[in-house]
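Hello,

Here is the structure I promised to pass along. Could you open it before reading my notes below?

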Amino acid sequence: MGKLQSKLKQSSFKYRPDGVLEERIQTKTVQEYSPAHVDAVSAVAALSPELCVSGGKDKMVVVYNWKTGNVVKKFKGHEREVTKVACIPKSNQLFSASRDRMVMMWDLQGSQPRQQLSGHAMVVTGLAVSPDSTQLCTGSRDNTLLLWDVETGQCVERASVSRNLVTHLCWVPREPYILQTSEDKTIRLWDSRGLHVAHMFPAKQHIQTYCDVSEDGHMFLSCSNGFGGEGCEATLWDLRQTRNRICDYIGHFQTVASCVFLPRALALTPVIATSSHDCKVKIWNQDTGACLFTLSLDGSGPLNSLAVGDTVSLLCASFSRGIHLLRVDHSQGPKLWQVAAF
């Protein structure tokens, strides 16, 4: 694929130790690759250190090499918008969920879905693969969670909770537990052994839109919807014995759609990243809740999804301008800038 170079003005905000906010408008060259989608991108996930998987309103599932700017594979099978994507670690296999109520399993070596999982009555809004890759958990706005055997494609467990409109699912590493956020403002911890609720965290004031678990499985993040700065936050929780709220990250002005733990890499302190409908990606000090850096992707519309590409790269799915490749620099405190778009 050919690539273009565009010089874009990017607004970034650096937070000094004395708390003063410095705005810096920088003109940087951004590689513009052939777009992965022809409409809004709903979700993005990392398949490998150089491949990502995305789904969008164009009903397509796209595998993209974000280091070379090439489309590796396009899968067509869903009848409506693809809402979520998830990958089987260290494999060529992935899953997609859609507003057509279907979940499909794909393989890079083929062009047709390996499995078509049908069991939900409404849009599928959650996908999580078990740590051993043998099970898949799906969730929906139909208040239901389903547990599937990946090998056979059979549904092995079903659970339903009234008013539990699922927004996201995340499997805890090395554990049988699944985290789930909901439109009822609660976060549930499910035990996959029998698929029952093992714990409910204290309800928040706003809809919980997303969750992510730390690599060691000791903590997790959730984030909230909102408007005008009300809500619009991320929260760090303890997943061990206390299961308490640890810290809030407040500073976005619209719904926070995604939150991720960043690899330690060269960072002196642990950091997290959030993306929001306010067109901003923020980096936060995980321990103190201080916002360390803000990148404004003006004109991109709501930033729907974040994924860690490698130790220094973030992938950000947007409503208006495809997928943004962002680079994290820890050499002089965390900085973030866009290096490519596709």
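What follows is a short account of the salt bridges.

First, the ground rules: this is a predicted model, in which local features need pLDDT of at least 70 and side-chain atom pairs count only at pLDDT 80 or more, while totals for chains, interfaces and linings use all residues. Residues are numbered from 1 along each chain as its sequence is written, and side-chain values use heavy atoms, with hydrogens and water left out.

Counting a salt bridge as a side-chain nitrogen of Lys or Arg within 4 Å of a carboxyl oxygen of Asp or Glu, the total is 10.

One of them pairs Arg99 with Glu81, with 3.0 Å between the closest N and O atoms. Arg99 sits in the loop between strand 8 (93-98) and strand 9 (102-107), and Glu81 in the loop between strand 6 (70-76) and strand 7 (82-87), so this pair ties together parts 18 residues apart in sequence. Strands here are DSSP runs (E, at least two residues), numbered from the N terminus. Arg99 is partly exposed at 37% relative accessibility, whereas Glu81 is buried at 17%; buried means under 20% relative accessible area, exposed over 50%, and partly exposed in between (1.4 Å probe, protein chains only).

Glu183 and Arg141 form another salt bridge, their closest N and O atoms 2.3 Å apart. Both residues lie in loops, and the pair links parts that are 42 residues apart in sequence.

Asp191 also bridges to Arg193, at 2.9 Å between the closest N and O atoms. Asp191 is buried at 7%, while Arg193 is exposed at 53%. Finally, salt bridges with shared partners join Lys204, Glu233, Arg245 and Asp248 into one network.

Best wishes

Definitions and conventions
Helices (H or I, at least four residues) and strands (E, at least two) are DSSP runs, numbered from the N terminus.
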